[in-house]
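Here are a few friendly notes to read alongside the model. Keep the viewer open as you go through them.

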Amino acid sequence: MNINGLLDRLFGPGGHSINIGDNFLHGSAVMGDRQVAVIGTHEHAAIDTALALEVSASILRVIRDDLGRGCSPRPVIFMVDTQGQALSRHEELLCLNGYFAHVAQCVDLARRNGHRTISLIHGEAVSGGFLAFGLMADRVCALPEAQVRVMDLKAMSRITKIPYDRLVDLSADSPVFAPGAENYWRMGAVHEIWSAEADWRSCLGAALEIADAGDKRALLGLERGGRLHAAPIAQLVASA
Amino acid sequence: MTNVRPTSFFEATARGRVAKLVDAGSFREFCPPRLRRTSPHLARLNAPVAFDDGVAVGSATLEGYKILIAAQEGKFNGGAVGEVHGAKLVGLLDRGIRERPAAVLLLVDSGGVRLHEANAGLIAISEIMRGVLRTQAAGVPVFALVGGACGAFGGMGIVTRLCNEIIMSEEGRLGLSGPEVIETVKGVEEFDSRDRPLVWRVTGGKVRRALGEATYLVDDDIDSFRSVTAELLCRYGAKPLAVADIDEVTAEHARLAERAGRFATARDGREIFQASGFVDLDEVSLLPVAKFNQQLLEYI
């Protein structure tokens, strides 16, 4: 499905007014009787300093506009499709990590200003590109074909020197390293995966209703059986 | 008369750094090695485990100031973040909200996500990021100290940049993708990871200080890290931390946008040094830290 088809399915044809660039998209849409802001990437964008600045500028604009109008803060829908961070000497020299931290700080500012935030993985969500804003949202949703990973198993095998076949075997019952939205669901970092047949418009509406500003992902991972140690160990250190 | 030789931050272990950085004997560790909370994921892959999963976390005092402190062990799996390791950092930050120390110190020495448990590591980094922001929102500052062999890379490079202060040595490095990764994917012409002077000119302490990414550049000895940290604890103690508001985040945005425009084609730290007023560019890497800081200050 192309990006316009997806936006039609989410907001209804005519329900969105979104500027679509090569990698970046931003604008607004209507959900029921309220406006939402839509910001994100598509075409498996490699996130570089320029793209990070576009995303952060859009978030800041939404916050500032809503402060200025004195209206209740609009929810922000982050459209996530990224192959990860851009890899180049130039980007590293500029300190790309600082630009990513800035994006994260913008999402955090939005949250503290009362904006609900939802990420929708509609393509790939990879590594650093996913960290900057996708994983920062209150609630993370994924389309059925979403690809979520740090690295594919072949590259992982090369670096860790663990045979590829063994990694494939182990990933059958462990969600901890193999790519897949399902694994991130079990570990609590993807809150919900929508089915192909579902009414995605109502899925998004429902997600907005239950989006929670507190970070409960470790508890969710424990509850779903995919991440058994994070919550108890954090608890142990927090209250030892 | 005693003549105490400086202790290299770079060479020291995580625990060695903590011991020398804080007031003698004041470190109290949470979830210590004797509890043997090792990584179950490394064990399943028959990879070596560590009883502290590569990070020590605890409380201490520094010049009498109450602090919480974490130190990553770069010699264990490159300081990489797995489920247990990450949870210890998240727990420490949460404790900071409750205990309200003068600051939380993160001695970062990490390549980022631990690939053996990549998904758990990535999620943990995201939880640490939220943890740092939450702790700051509660009024507790978080400082990063970077001077180990693994630097602050991957997700830990992002975490480091969320901190209120970044104290680096010249030997420290800060970035997102390591030079080896860029060379592997994009080729040696893009980034030659064996060209060590180039690697430091792109990610090292001096170029990070010149860009304003590191807030302090210190000599590679633990006492230098300690005295700057003590000075900061005093300063933050006098003036409570204000949570970043729209104006502050907008100012940061303008600063980053200006840099991206100004250095739109730069690929070598020499261009940054030149723009920072250094004339003899071959000399910059040889300049003692004090002299480097002084020249930088004179130009600004």
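**Notes on the sheet and the chain contacts**

1. Strand S3 (residues 65-72) and strand S4 (residues 103-108) of chain B run parallel and are joined by five bridges. Strands count as paired when DSSP finds at least two bridges between them. Across this pair, B:Ala71 stands opposite B:Leu107 in S4(B).

2. A word on the source: this is a predicted model, where local features need pLDDT of at least 70, side-chain atom pairs count only at pLDDT 80 or more, and totals for chains, interfaces and linings use all residues. Residues are numbered from 1 along each chain as its sequence is written, while chains are lettered from A and ligands numbered from 1 in the order in which they are written.

3. Now the whole sheet: it is open, with seven strands in the order S1-S2-S3-S4-S5-S6-S7 (chain B) and mixed pairing. Strand S1 (28-30) and strand S7 (216-218) of chain B are at the edges with a single partner strand each, so one side of each has no neighbour in the sheet. Helices (H or I, at least four residues) and strands (E, at least two) are DSSP runs, numbered from the N terminus.

4. Where do the two chains meet? In total, 62 residues of chain A are in contact with 70 residues of chain B; contact means C-beta atoms, placed from the backbone, within 7 Å. On the chain A side, H4(A) gives the largest share, 13 residues.

5. Finally, look at helix H7 (residues 196-203) of chain B: its buried residues pack against elements including helix H3 (89-94) of chain A. Buried means 20 or more other C-beta atoms, placed from the backbone, within 10 Å of the residue's own. Those residues are B:Val199, B:Arg201, B:Val202 and B:Thr203.

Technical notes. A residue is buried if 20 or more other C-beta atoms lie within 10 Å of its own, exposed if 12 or fewer, and partly exposed in between; C-beta atoms are placed from the backbone.
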